[in-house]
Amino acid sequence: MEMIKASWVSIFAFAAILLVIIVPAAEAVTCSPMQLSPCASAITSSSQPSALCCAKLKEQKPCLCGYMRNRSLRRFVSSPNARKVSNRCKLPIPRC
């Protein structure tokens, strides 16, 4: 009887671990700077960002520090115009 009880406890523990691992993975963002393409005109010309730009910027928020560390992307993500876009979208610039 104790053996069966221990088996069920093991099964439930394993299921709980799987839920902890799988659920956050389903909500994870795929970091792709191309997702920020709707913001390109606002960043390069100081025009107002579109609603799509702001939505994509907020979606990519967990990726911004990685973009800032990338030499090729840093000049776009850290530019004064990018900061203006971030402010206009009401998205604080992350401290990396």
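Visitor: What do the buried residues of helix 6 pack against?

Guide: They pack against helix 2, helix 3 and helix 5 (71-77). Keep in mind that this is a predicted model, where local features need pLDDT of at least 70, side-chain atom pairs count only at pLDDT 80 or more, and totals for chains, interfaces and linings use all residues. Residues are numbered from 1 along each chain as its sequence is written, and side-chain values use heavy atoms, with hydrogens and water left out.

Visitor: What makes a stretch a helix?

Guide: A helix is a DSSP run of H or I with at least four residues, a strand is a run of E with at least two, and the numbering starts at the N terminus. The protein chain has 6 helices and 0 strands, giving the pattern α-α-α-α-α-α along the sequence.

Visitor: Which residues of helix 6 are buried?

Guide: Asn81, Ala82, Val85 and Ser86 are. Buried means under 20% relative accessible area, exposed means over 50%, and partly exposed is in between (1.4 Å probe, protein chains only).

Visitor: How do you know that they sit on the same side of helix 6?

Guide: They cover an arc of only 145° around the axis, so they share a side. That arc is taken from the directions that run from the helix axis to the C-beta atoms. An α-helix has 3.6 residues a turn, so residues three or four places apart point the same way. Over on the other side of helix 6, Pro80 and Asn87 are exposed.

Visitor: What makes Cys31 and Cys63 a disulfide?

Guide: Their sulfur atoms are 2.0 Å apart, and the cut-off for a disulfide is a pair of cysteine sulfur atoms within 2.5 Å. So the pair qualifies.

Visitor: Why is the disulfide of Cys31 and Cys63 called left-handed?

Guide: The torsion about its S-S bond is about -85°, and that is why it gets the name. This pair links distant parts of the chain: Cys31 is in the loop between helix 1 (2-27) and helix 2 (40-45), while Cys63 is in the loop between helix 3 (51-59) and helix 4 (64-69), 32 residues apart.

Visitor: How many disulfides does the structure hold?

Guide: It holds 4. Counting the bonded cysteines along the chain, the pattern is 1-5, 2-3, 4-7, 6-8.

Visitor: What makes Lys90 stand out?

Guide: Lys90 has a positive phi of about 60° although it is not a glycine. Most residues other than glycine have a negative phi. You'll find Lys90 in the segment after helix 6. Its relative accessible area is 71%, so Lys90 is exposed.

Visitor: Where is confidence lowest in the protein chain?

Guide: In helix 1, with a mean of 39, whereas confidence is highest in helix 3, at 96. Those numbers are pLDDT, the predictor's confidence in each residue, from 0 to 100. Over residues 3-26 the pLDDT is below 50, and beyond near neighbours in sequence this stretch has 1 contact in the model. Contact means heavy atoms within 4.5 Å. Where pLDDT is low, the predicted coordinates should not be read in detail. Across the protein chain, the average pLDDT is 77, and 72% of the residues score at least 70.
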